[in-house]
Amino acid sequence: MIRDTSRLVAEQFTAAFGAPPEGVWSAPGRVSLMGDHTDIEDGLTLSHATERRSAAAVSRRSDGTIRVRTDLAGDVIETSLEALVPPADHNWYDYPLGVVWAALEHIALFNGELVEGDETAPLTPTGLDIFLTTDLPIGGGLASSASICAAVSLALNDLWEFGLEPERLARLGYRVENAYVGASAGLADHIACLTAAAGKDVFYDARGNDVTLLDAPPLAELGLTQLLVSSGEHHRNWERIVADRHESCDRVARALGYQFLREAKLEEIEQAPGLDDVDRRRAAYVSSEIQRVLDLARVLRSEGAAHTGPLFTESQRALRDDFGASTQRIDLITELAAASGALGARMTGSGFGGSVFVLIPSDRVDELRANLTEAFREYGWDGLEIVETSSAAGPRRDA
């Protein structure tokens, strides 16, 4: 069940802090249709917003104290602006605190560029009370961390009067992931959570940090349904298994004389002498996936969603065989999807668990649901969830 997260955080904020919040901000999660792990190599991605959202109720304080609460854990988090430093160990509150830390960096840079006589007023941080929640599964491949960062970033953009555009706000979340939490991640999740819109797909080109909103296909008219299937397995962005693959791609780019794999042709990667075989496969996935994003956008525009299935199938094969990001559960879900009549299926997000995106004729959904339920029962697995998805609403201020 999808909750009214914005109403929830407003009510819980009042209960926790004794007064209503100054405002409530929310942001969706992200369904990656194509292009996972390509943004770190200056590549392309295509995605849309989920119906599930993260929300933050926030008020400024007159001192430098930061208090963070959530209904998802019993922790009572209290610190100060001066005490914020990247943590050695990780927890859920790293993301809201990390946004504040990244926002303080922005303030320092902004104020440092002001000159005497400048009419622009310096930015001034304040203490904060924050109550947040999310309906996104943590580690479920749907950008829960980016969604939380986006909701808190929107709040600070208003309350601390930054006036930043969504693409600039996304860089706060990027700093949180890479510098505060220590994950190996690109901008695509943060861009999508902050630029998405209902009925639109987000085409993102990391090379120029360019965002294009494309009309989502009329799936109902075509008798098609998009599903998200939760594998019941969860990953964490800071895990070494993700960084290992990104480092493989960096090594190949450097060996070929490029800054990013976006500049390399697939044939160069496949034929270059002296590359480690594992590194070559990781890089080949990224190069071929960048082309598949272009192909997917072209097919959606020229031929329609009913013709996209082979691209999803090939993307999943490459994620499994070349990038090594699949799992037994994800493999089973994609195989059963194909056997149940799906046009295509692939993992969405970083992989190593999480969720699977399935494009399937609407009259075959019940068959797939029954097959997956039976298979999970036979394997003794739990955590299966199957929900319909579509291009949902983007970020907003709700109160």
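Guide: What follows takes some terms in turn and sets values against their definitions.

Guide: This is a predicted model, where local features need pLDDT of at least 70, side-chain atom pairs count only at pLDDT 80 or more, and totals for chains, interfaces and linings use all residues. Residues are numbered from 1 along each chain as its sequence is written, and side-chain values use heavy atoms, leaving out hydrogens and water.

Visitor: Why is the pair of Y285 and F323 called tilted?

Guide: A search of the whole structure finds eight aromatic pairs. Y285 and F323 form one, at 4.9 Å centre to centre and 45 degrees between the planes. Rings of Phe, Tyr and Trp (its six-membered ring) pair if their centres lie within 6.5 Å; planes under 30 degrees apart are stacked, over 60 edge-to-face, and the rest tilted. An angle of 45 degrees falls in the rest, so this pair is tilted.

Visitor: What makes this pair a tie between parts of the chain?

Guide: Y285 lies in helix α8 (residues 277-302), and F323 in the loop between α9 (309-321) and α10 (328-339), so the pair ties together parts 38 residues apart in sequence. Helices here are DSSP runs (H or I, at least four residues), numbered from the N terminus.

Visitor: How do you know whether Y285 is buried or exposed?

Guide: Buried means under 20% relative accessible area, exposed over 50%, and partly exposed in between (1.4 Å probe, protein chains only). Y285 has 0%, so Y285 is buried. F323 also has 0% and is buried.

Visitor: Why is the pair of Y379 and W381 called stacked?

Guide: Their centres are 4.4 Å apart, with 20 degrees between the planes. That angle is under 30 degrees, so the pair is stacked. Y379, at 46%, is partly exposed. W381, at 17%, is buried. Ring pairs link F376, Y379 and W381 into a cluster.

Visitor: How are α10 and α11 packed?

Guide: α10 and helix α11 (residues 365-379) pack at about 145 degrees, with axes 10 Å apart. Axes are lines fitted to C-alpha atoms, for helices over the stretch in contact, and angles run from 0 to 180 degrees between N-to-C directions.

Visitor: What makes residues count as meeting in α10 and α11?

Guide: Contact means heavy atoms within 4.5 Å. Among the residues that meet are L332 and L336 in α10, and L372 and F376 in α11.

Notes: Helix = DSSP H or I, 4+ residues; strand = E, 2+ residues; numbered from the N terminus.
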